[in-house]
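I am opening this notebook to record what I looked up in the structure, entry by entry.

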Amino acid sequence: MPFSARRIPASNSMFSDMNVTPFIDVLLVLLIMFIMVIPIATHSLLIPLPNGEGTEEVLETNVVHIDSSDRLYWNGTQMDRQALLNQLATAAAQENQPLVRFEPDALASYQTSAQTIALIKDAGIEKFAFVGNHKYRNFDTVR
């Protein structure tokens, strides 16, 4: 009898008949949990970069001014944010970096002021000063 019907002992039969469906269910649940936990890159971070040289002269002491209408000025010349960034990057690239004085108008918006300070920092300006704070230190009450 080359082929005989041998009976497998009962202790080995439980391993051959293992149900893997619960194991697969657990793996699928874990996969879904990981997919939900991983953040999706939907937000972009816009970083302003200089795209050229500044067009205005860089002095030893320069003034960045914001007027009450949130317009930006470099030493009295009106500029947009990109032109101001180019001007600041030109000033920061100089060997002996000039002083940049920040003089916002009292009615300039806080958001524009904060964005301009961040622009000055991002340009690499190390010599920076707030000027004119004494004008805003006293608050008169309305009577």
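**Entry 1, salt bridges.** I began with Arg 101, which forms a salt bridge with Glu 103, the closest N and O atoms being 3.2 Å apart; for this term I required a side-chain nitrogen of Lys or Arg within 4 Å of a carboxyl oxygen of Asp or Glu. The model is a predicted one, in which local features need pLDDT of at least 70 and side-chain atom pairs count only at pLDDT 80 or more, whereas totals for chains, interfaces and linings use all residues. Residues are numbered from 1 along each chain as its sequence is written, and side-chain values use heavy atoms, with hydrogens and water left out.

I then looked up how covered the two partners are, taking buried as under 20% relative accessible area, exposed as over 50% and partly exposed as in between (1.4 Å probe, protein chains only). Arg 101 is partly exposed at a relative accessible area of 27%, and Glu 103 is partly exposed at 22%. My search of the whole structure finds two salt bridges; Arg 71 forms one with Asp 67, where the closest N and O atoms are 2.8 Å apart. In that pair Asp 67 is buried, with a relative accessible area of 10%, while Arg 71 is partly exposed, with 37%.

I counted four helices and five strands, using DSSP runs numbered from the N terminus (helices are H or I with at least four residues, strands are E with at least two). Along the sequence the pattern reads α-α-β-β-β-α-β-α-β. Of the 143 residues, 22% count as buried. The protein exposes about 11500 Å², of which carbon and sulfur atoms supply 60%; the areas come from the Shrake-Rupley method with a 1.4 Å probe, and for residues only the protein chains shown count as cover. Among contacts (heavy atoms within 4.5 Å) with a separation of 6 or more, residues 24 or more positions apart account for 70%.

E4 (residues 99-104) has a covered face with Val 100, Phe 102 and Pro 104, and an uncovered one with Leu 99, Arg 101 and Glu 103.

E1 pairs with strand E2 (residues 72-74) in the antiparallel sense over three bridges, and Val 64 stands opposite Trp 74 in E2. The hairpin of E1 and E2 has five residues between the strands, and in it Asp 70 takes a positive phi near 65 degrees.

E4 pairs with strand E5 (residues 128-130) in the parallel sense over three bridges, with Val 100 opposite Phe 128. From E4 the chain crosses through helix H4 (residues 110-123) to E5 in a right-handed β-α-β crossover, that is, with the strands pointing away from the viewer, the path from the first strand over the helix to the second runs clockwise.

Thr 112 lies in helix H4 and is buried, with a relative accessible area of 15%. Its side chain and that of Ser 109 are joined by a polar contact of 2.8 Å; I took this term as a pair of N or O atoms within 3.5 Å, where within protein one must be able to donate a hydrogen and the other to accept it, and residues adjacent in sequence count only if both atoms are side-chain atoms. Leaving aside neighbours within four places in sequence, Thr 112 is in contact with Ile 66, Asp 70 and Leu 72.

Thr 90 has its place in helix H3 (residues 81-92) and is buried, with a relative accessible area of 17%. The side chain of Thr 90 reaches the backbone oxygen of Asn 86 at 2.9 Å. Not counting residues up to four places away in sequence, Thr 90 touches Glu 53, Gly 54 and Val 58.

Methods: Pairing = 2+ DSSP bridges.
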